[in-house]
Amino acid sequence: MTATTASRASRTARRPAPARNGGIRESAVSRTIAMAVMVVATLYFLTPIWWLLVASTKTRADFTTTAPLWFADFALFDNLAALFDYRNAVFLRWLANSALYAGVGALFATLIAAMAGYAIAKYSFRGRETLFNVILGGVLVPATALALPLFLLFSQIGATNTIWAVFLPSLVSPFGVYLSRIYAAASVPDEIIEAARIDGAGEVRTFFTVATRMMAPALVTIFLFQFVAIWNNFFLPLIMLRDESLFPVTLGLYVWNTQVSQIPDIRALVIIGSLLSIIPLIITFLGLQRFWQSGLASGGLK
Amino acid sequence: MARDTAGRPSRAVRHRAALAVFLVPFGALFTLFYVIPIGYAVYQSLLTVEREGTFGPAVQVFGGLTQYIAVFQNELFWNSIGRVLLFGVVQVPIMLGLALILALLLDSPLVRGSRFFRLAFFAPYAVPSVIAAIMWGFLYSPNLSPFTGVTQAVDFLSADAVLWSIANVVTWVYVGYNMLIIYSALLAIPQELYEAARLDGAGQLRIALSIKIPLVVPALVLTGIFSIIGTLQLLAEPQVFQSFTSAVTSTFTPNLTIYSTASVPNISLAAAMSVVLALATFVLSFTVLKLTQRRTAR
């Protein structure tokens with residue numbers, strides 16, 4: 001595996017035996033306390049997710065009458081069928097919308113931010129620091145502060161309530177530029193760019209064939225965090241979209257949740273839908289962990 | 001056009017072309033979706049609506065700072081700012097403290113299976129705020145919660161408690177994320193620094209207090225700033241909680257106030273509120289950055 005594992009291995013190797021004078025006794029007590037803290041924290045963080053998983057497998061009657069943290073009759077597939085049946089599979093539509101907004105959006109956002117960050121790191125040009133500082137200022141601008149003016153601007157050109165109103169603004173990731181600049185400066189040696197130039201590769205081709213490979217951990221990190229930011233985004237779609245068929249899954253579930261008091265049956269759909277909406281994110285994070293963990297290590301901390 | 005001996009465009013020219021390819025896409029999108037909206041919000045906030053007589057058509061005219069005066073006189077808006085500031089003063093230190101403790105434990109030799117714990121603590125970050133709020137809404141419910149023994153005794157959704165119930169949702173989602181950032185900073189500390197301390201017989205706690213914590217201050221500043229920004233922006237969680245309790249009003253947080261003001265519709269006032277909120281966020285995070293920089297420089 002990658003640097004994380006390697007550095008961890010070398011750390012354990014270098015870690016000396018417990019100190020003399022009573023070190024072992026102290027560490028037996030501290031070990032127990034430390035593990036106790038870990039177990040309590042695990043319960044805190046995982047119980048709600050476990051509850052959601054269990055609740056998703058229950059029939060409507062069992063949900064209110066059986067122990068909430070353990071399984072009763074296994075009705076997961078009935079619940080799924082009910083979810084996909086409801087209103088012409090509108091939930092699947094929402095999942096697809098979220099995948100489009102977050103997946104495609106984060107992909108383009110990463111590419112665009114990486115190019116800008118790389119250029120700022122590797123080329124000297126007039127106004128470079130000013131540009132970087134303006135972009136850094138962008139990191140500090142709260143996304144929700146932009147939602148209302150974006151709505152006003154999109155409504156001027158009659159483009160609210162369209163895919164573009166949610167998709168286009170999410171292509172901008174100032175934090176991605178910041179991370180790419182730091183990572184490119186540290187991990188793409190000038191000699192390699194120079195060597196590519198001598199080989200006759202164009203500047204842009206050098207970026208795509210040589211630099212992106214060396215920036216991979218940073219790129220995966222940017223992609224993931226932008227993906228999460230878009231997938232979780234709520235205010236912008238809430239303001240922009242009226243047409244249910246354009247909703248991302250978070251907005252759809254929010255709307256269903258507001259209807260629970262009028263349509264009690266919808267509660268079961270909210271629960272199973274919530275479970276389905278977090279599974280893609282958990283799988284993505286687990287699958288890409290060795291990339292984003294090393295990207296995080298090098299990035300945020302300079 | 002300047003050319004080198006091989007007849008290709010000179011390096012400077014090629015660089016300029018490449019720079020355009022690299023910078024124009026981000027520059028254009030940043031201008032369209034960051035700079036112009038901010039400018040437009042400022043412009044919109046300077047307008048005011050006037051009518052000729054009682055029944056005349058409404059016309060937007062330049063009103064100077066009229067809307068800002070209205071914002072500063074708007075008690076509901078300032079109450080909502082005060083509420084999230086109180087929230088932040090309590091929740092951000094608790095969240096970062098927890099994140100720091102867990103990161104230090106993960107980094108210490110005291111814990112086995114740190115890989116599992118790391119992922120377990122981080123998992124809630126994969127849960128969108130809306131979904132997290134819906135889940136905790138059920139967990140707080142007096143009838144449906146797995147912990148009805150507790151939720152029937154304490155009303156987590158009452159007017160007094162709901163702010164802290166929301167704080168718990170936010171803490172639950174973000175502790176693991178902040179923990180990972182701090183943990184990454186801990187991994188970057190060279191082992192040699194610990195060796196002298198160990199030879200002096202320093203225990204893990206001593207090493208944590210006098211070596212590790214001072215060295216992760218930059219990471220704490222970073223997570224602190226992002227947490228402050230997040231706190232002032234609070235929206236999804238309280239908005240969801242409106243379905244569970246009437247204690248969350250339509251002016252509970254600044255963003256909810258802006259949203260309900262815009263839907264009146266009183267766009268110019270809402271725009272002025274947005275500008276004030278963005279400025280307040282900016283000033284607050286900038287101050288935190290400067291204060292901590294000064295302290296670490298000393």
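This is a predicted model: local features need pLDDT of at least 70, side-chain atom pairs count only at pLDDT 80 or more; totals for chains, interfaces and linings use all residues.
Figure 1. Look for A:Asn161 in the loop that runs between helix 7 (143-156) and helix 8 (163-167) of chain A. Most residues other than glycine have a negative phi.

**Figure 2. A:Asn88, an exposed residue in another loop of chain A.** Here the view moves to the loop between helix 4 (76-85) and helix 5 (90-122) of chain A, where A:Asn88 sits. Is A:Asn88 buried or exposed? With a relative accessible area of 76%, A:Asn88 is exposed, because the cut-off for that class is over 50%. Its phi is near 55°, a positive value in a residue other than glycine.

**Figure 3. A cis peptide bond in chain B.** Now follow the backbone from B:Val264 to B:Pro265: the peptide bond that joins them is cis, and its omega is near 0°. Most peptide bonds are trans. Where does B:Pro265 lie? You will find B:Pro265 in the loop between helix 12 (254-262) and helix 13 (267-297) of chain B.

**Figure 4. B:Ala270, a buried residue in helix 13.** B:Ala270 belongs to helix 13 of chain B. Its relative accessibility is 0%, so B:Ala270 counts as buried. Which residues touch B:Ala270, once its neighbours within four places in sequence are left aside? In chain B the partners are B:Ile258, B:Thr261 and B:Ala262, and A:Leu148 joins them from chain A. For a sense of scale, compare B:Ala270 with B:Leu289: they are 19 residues apart in sequence, and their C-alpha atoms are 28 Å apart in space.

**Figure 5. B:Ala197, a buried residue in helix 8.** Helix 8 of chain B, residues 192-199, holds B:Ala197. This alanine has a relative accessible area of 13%, so B:Ala197 is buried, because the cut-off for that class is under 20%. Not counting residues up to four places away in sequence, B:Ala197 touches B:Ala202, B:Ile207 and B:Ile211.

**Figure 6. Where the two domains of chain B meet.** Chain B is divided into domain 1 (11-62) and domain 2 (68-297), and the C-alpha centres of these domains lie 32 Å apart. At the meeting place, seven residues of domain 1 are in contact with six residues of domain 2. Between them the domains bury about 460 Å², with 65% of that area on carbon and sulfur atoms. On the domain 1 side, B:Ala41, B:Gln44 and B:Ser45 supply 72% of the area buried against domain 2, more than any other three residues. What kinds of links cross this interface of chain B? The rule finds zero salt bridges, but three residue pairs are in polar contact (both at pLDDT 80 or more). Helix 1 (residues 11-45) gives the most to the side of domain 1 that touches domain 2, with four residues. By class, that side of domain 1 has four nonpolar, three polar and no charged residues.

**Figure 7. The interface between chain B and chain A.** How many residues of chain B are in contact with chain A? The count is 95 residues of chain B, in contact with 103 residues of chain A. The two chains bury about 9000 Å² between them, and carbon and sulfur atoms give 76% of that area. Three phenylalanines stand out in chain B: B:Phe22, B:Phe26 and B:Phe33 lose the most area to chain A, together 9% of what that side buries. Between chain B and chain A there are zero salt bridges, while eight residue pairs are in polar contact (both at pLDDT 80 or more). Helix 1 of chain B gives the most to the side that touches chain A, with 20 residues. Sorted by class, the residues on that side of chain B divide into 70 nonpolar, 15 polar and ten charged.

Key: Residues are numbered from 1 along each chain as its sequence is written. Chains are lettered from A and ligands numbered from 1 in the order in which they are written. Side-chain values use heavy atoms; hydrogens and water are left out. Domain bounds come from an automatic or database domain assignment. Contact means heavy atoms within 4.5 Å. Buried area is the accessible area (1.4 Å probe) that two parts lose on being put together, summed over both. A salt bridge is a side-chain nitrogen of Lys or Arg within 4 Å of a carboxyl oxygen of Asp or Glu. A polar contact is a pair of N or O atoms within 3.5 Å; within protein, one must be able to donate a hydrogen and the other to accept it, and residues adjacent in sequence count only if both atoms are side-chain atoms. Helices (H or I, at least four residues) and strands (E, at least two) are DSSP runs, numbered from the N terminus. Ala, Val, Leu, Ile, Met, Phe, Trp, Tyr, Cys and Pro count as nonpolar, Asp, Glu, Lys and Arg as charged, and the others, Gly among them, as polar. Buried means under 20% relative accessible area, exposed over 50%, partly exposed in between (1.4 Å probe, protein chains only).
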